[in-house]
Amino acid sequence: MPIEKIVPDATTTSHPTWTEIGGGTGNVNLALDADDGNYARCTTVTNKFIVTFGDLTVALGSINSIRFYVNGFDSGVRGGSDVVTFDLLNASDSSYSLAENKTFTDITINTVQAGTERTTSDGSAAWTEAFVNCLRMKVTWDTENNANCILNLDHLYIDVDYNEPLADTYNTNDSKIHVGAGTLYVQSGTIYIN
């Protein structure tokens, strides 16, 4: 199945202890949109921010699943350990109750951590393009094991695994146009769809 990667495009709720290191714009979302030397940095535990993600750009038939990925590390102290919660939110900033904790240390700088593959937002209905285009994420630094810890997040993104739309085809054997999963045909001057 094809996959589209969406990255943070705006910070909707910020906190002054979360800063952008490297690019200097002060927009934490820009620190997370690529795997580079620009980090979202925090020095005070328990603080959070919320980011939105870019919209899907591909034509898709359906969505199989979504999964977030993140890079990060502790740069404050050797053996530093930080637990961060990543919580998927809807357009109203309400939680989907799919929060996950990830641990970052001084040696996880090149480690990409994956969230759980999510096929639904509520346990039953599949993701839709509208829901994915409205995804937000609340990132909270929950705990540290040393007061000298400095948390750096480098890259946060969501992979959307999708099915391509079915192509419209014309079948010369039955003189019918097959549209996606249905069929459009003319019989005695009347258009039928089934």
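Strands here, like helices, are DSSP runs numbered from the N terminus, with at least two residues of type E for a strand and at least four of type H or I for a helix. β1 is joined in the antiparallel sense, over four bridges, to strand β11 of residues 151-163, where pairing requires that DSSP find at least two bridges between the strands. Within this pair, I6 stands opposite I158 of β11.

The model is a predicted one, in which local features need pLDDT of at least 70 and side-chain atom pairs count only at pLDDT 80 or more, while totals for chains, interfaces and linings use all residues. Residues are numbered from 1 along each chain as its sequence is written, and side-chain values use heavy atoms, with hydrogens and water left out.

Taken as a whole, the protein contains two helices and 15 strands. Of its 194 residues, 39% count as buried, a class that means under 20% relative accessible area, with exposed meaning over 50% and partly exposed in between (1.4 Å probe, protein chains only). Among contacts, meaning heavy atoms within 4.5 Å, those between residues 24 or more positions apart account for 72% of the ones with a separation of 6 or more.

L156 touches, among others beyond four places away in sequence, V7, P8, L32, V51, F53, F86 and V139.

Polar side chains are also found at buried positions. T52 is placed in strand β5 (residues 48-53) and counts as buried because its relative accessible area is 14%. Its side chain is joined to that of D9 by a polar contact of 2.5 Å, the term denoting a pair of N or O atoms within 3.5 Å of which, within protein, one must be able to donate a hydrogen and the other to accept it, residues adjacent in sequence counting only if both atoms are side-chain atoms. Beyond four places in sequence, the residues that T52 touches include V7, P8, L135 and R136. N38, in the loop between α1 (28-32) and β4 (39-42), is buried at 9% relative accessibility, and a polar contact of 2.5 Å joins its side chain to that of E20.

D82 belongs to strand β7 (residues 81-89) and is classed as buried because its relative accessible area is 0%. Although D82 and E144 are 62 residues apart along the chain, their C-alpha atoms are separated by 4.5 Å. Among the residues touched by D82, not counting those up to four places away, are K102, W141, E144 and C149.

C149 is itself buried at 1% relative accessibility, whereas C134 is partly exposed at 35%. A search of the whole structure finds zero disulfides, a disulfide being a pair of cysteine sulfur atoms within 2.5 Å.
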